[in-house]
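Keep the structure open as you read.

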Amino acid sequence: MNIQADYNFAYLDEQTKRMIRRAILKAIAIPGYQVPFSSREMPMPYGWGTGGVQVTASIIGPDDVLKVIDQGADDTTNAVSIRAFFAKVARVKTTTHTSEATIIQTRHRIPEEQLRDGQILVYQVPIPEPLRFLEPRETETRKMHALEEYGLMHVKLYEDIATHGHIATTYAYPVKVEGRYVMDPSPTPKFDNPKMHMSEALQLFGAGREKRIYAIPPYTNVVSLDFDDHPFEVQKFDKPCAICAAEGVYLDEVILDDQGSRMFVCSDTDNCESRQAAGHRGELSGMEAAQ
Amino acid sequence: MNNQPLLSVNEVSKFYGARIGCRDVSFDLYPGEVLAVVGESGSGKTTLLNCISTRLEPTSGSVMYRMRDETKRDLYQMSEAERRFLMRTDWGFVHQNPADGLRMAVSAGANVGERLMAVGDRHYGNIRETAIDWLGRVEINEDRVDDQPRAFSGGMRQRLQIARNLVTGPRLMFMDEPTGGLDVSVQARLLDLIRGLVRDLGLAAIVVTHDLAVARLLSHRMIVMKDGHVIESGLTDRVLDDPHEPYTQLLVSSILQV
């Protein structure tokens, strides 16, 4: 017996896709505003990118080329399975090269390579409400967004400085979009915040469990919140990438043995691999070969 | 200038279905004046306070407020954004339970600084300095600035709540049983503090209390409520020393003598 389930193109039915596209259009029209949408059950658990997958499924066409990254890497479980999912249900071409992709679905990173006009970056968002941990009531946070009452966001930054001497928020660092809405950029490291500002690519954010979609259209002002005497700063790394010697990129710390030795390597695997292919070598790049 | 009332309450009524919350309450409040609202529990004191402070829309009647630019505005004709702005700049609200008026999970300094940040202050050093200054004024030691209010005693929490409200220099304070639940010595110190602050800052205040001693100490004028109605009003000393209404007489004679 051979029963093959017959899916609509890109898994979701056309009515659902229309509903999500309407939400996306509204989100683009009001940058940074969280648009509610009726999130569907997806064949994966909440927290694995159900929001991002629904957004991707609604915008993807047969000619699109899809790249999926998880913490910057193309080869982690989440990235591999979402890429395989769309290869199966939409029969689209997939890639790991940032420049070849038309749609990039991401969890927790923005690629190092500058995105171009025409590309779309789809973020998976766990908690879309930046004010949530300070104000648990949804009715109240909606009112605060509506009336532009954002003093509370600075209370969090104040607490950081009071406790740690500097703004210790390193990811999900709140931004103000086009001078109006305060937005959670999803748990990307704050290192990536400047890349959102005036980005040529369209940025879409999908939160499946929380049922919200929001967006940053191309060429939009995105400003990280800060204090006059404690300005916004991104993370700095003492060493370049141990494999490709890249500087000014976001690095992951990898523990090498149980003596506590460690290395810092590019979080963006595609960027690291293309640099290696171009002949760049870091201090530990020969190590794998030696082993 | 000061012979214009700051707040005019005109025939405010609030019904909860068929039940009366408060009915046809009218009074004027002048700058620098402290008005006490007394009565037994269930007499409509808190309903009245909430109606005046825009926390609860009255069924009928109006509340006029003289803004800083001297224009008189009906509170319930204002947009919600204006009302909320008024609440966090020109007004203060001291809750009976400090946990309702404080953010228990952020430090004392941030609690005091929140209003400053809400009106656009973006300099950490200045915010912190102002917060420490206000903590000092309400007798909280500077080294407690980074502690959370949950580590504070009841009296300290109440004083912190007052500092948090006063930091933007409001002209009108609402206080709902500010000394409720505190022991008598702490109560006395808090009353002293409130009295001093009200006098120094020229604040107008409406204090809801069931404790006639608190009313005697803090207020210039008082109104007595029973079953949602105002049954007597006048200068505090007059009402307490020479109560006219039988119910007020009962209330005054019920004070425990030690």
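Start in chain A with two residues that are both tucked away: A:Asp192 is buried, and so is A:Arg109. Bear in mind that this is a predicted model. These two side chains meet in a salt bridge, with N to O at 2.7 Å. The pair ties together distant parts of the chain, 83 residues apart: A:Asp192 sits in the loop between β7 (181–183) and α6 (193–196), while A:Arg109 sits in the loop between β4 (103–107) and β5 (120–124).

Now turn to A:Arg132, which forms a salt bridge with A:Glu138; here the closest N and O atoms are 2.3 Å apart. A:Glu138 is partly exposed, with a relative accessible area of 27%. For a charged cluster that involves both chains, find A:Glu135, A:Arg137, B:Arg103, B:Glu114 and B:Arg164, which are linked in a network of salt bridges. Over all chains, a search of the whole structure turns up 36 salt bridges.

Next, the sheet in chain A. What is the order of its strands? It's an open sheet of seven strands, running β1-β9-β8-β5-β4-β2-β3, with mixed pairing. At the edges stand β1 (35–36) and β3 (93–94); each has a single partner strand, so one side of each is left without a neighbour in the sheet. Further in, β4(A) and β5(A) pair in the parallel sense over four bridges, and A:Ile103 has A:Ile120 in β5(A) as its bridge partner. Helix α3 (residues 77–89) of chain A packs on this sheet, touching β2 (65–70), β3, β4 and β5, and its direction makes about 160° with that of β2(A).

Finally, hop over to chain B and pick out B:Gly92, in strand β6 (residues 91–94). Is B:Gly92 buried or exposed? It is buried, with a relative accessible area of 1%. Leaving out residues up to four places away in sequence, B:Gly92 touches B:Arg115, B:Asn165, B:Pro170, B:Leu172, B:Met173 and B:Phe174. B:Met175 is 83 residues from B:Gly92 in sequence, yet their C-alpha atoms are 8.2 Å apart in space.

Definitions and conventions: Residues are numbered from 1 along each chain as its sequence is written. Chains are lettered from A and ligands numbered from 1 in the order in which they are written. This is a predicted model: local features need pLDDT of at least 70, side-chain atom pairs count only at pLDDT 80 or more; totals for chains, interfaces and linings use all residues. Side-chain values use heavy atoms; hydrogens and water are left out. A salt bridge is a side-chain nitrogen of Lys or Arg within 4 Å of a carboxyl oxygen of Asp or Glu. Helices (H or I, at least four residues) and strands (E, at least two) are DSSP runs, numbered from the N terminus. Buried means under 20% relative accessible area, exposed over 50%, partly exposed in between (1.4 Å probe, protein chains only). Contact means heavy atoms within 4.5 Å. Two strands pair if DSSP finds at least two bridges between them. Axes are lines fitted to C-alpha atoms, for helices over the stretch in contact, and angles run from 0 to 180 degrees between N-to-C directions.
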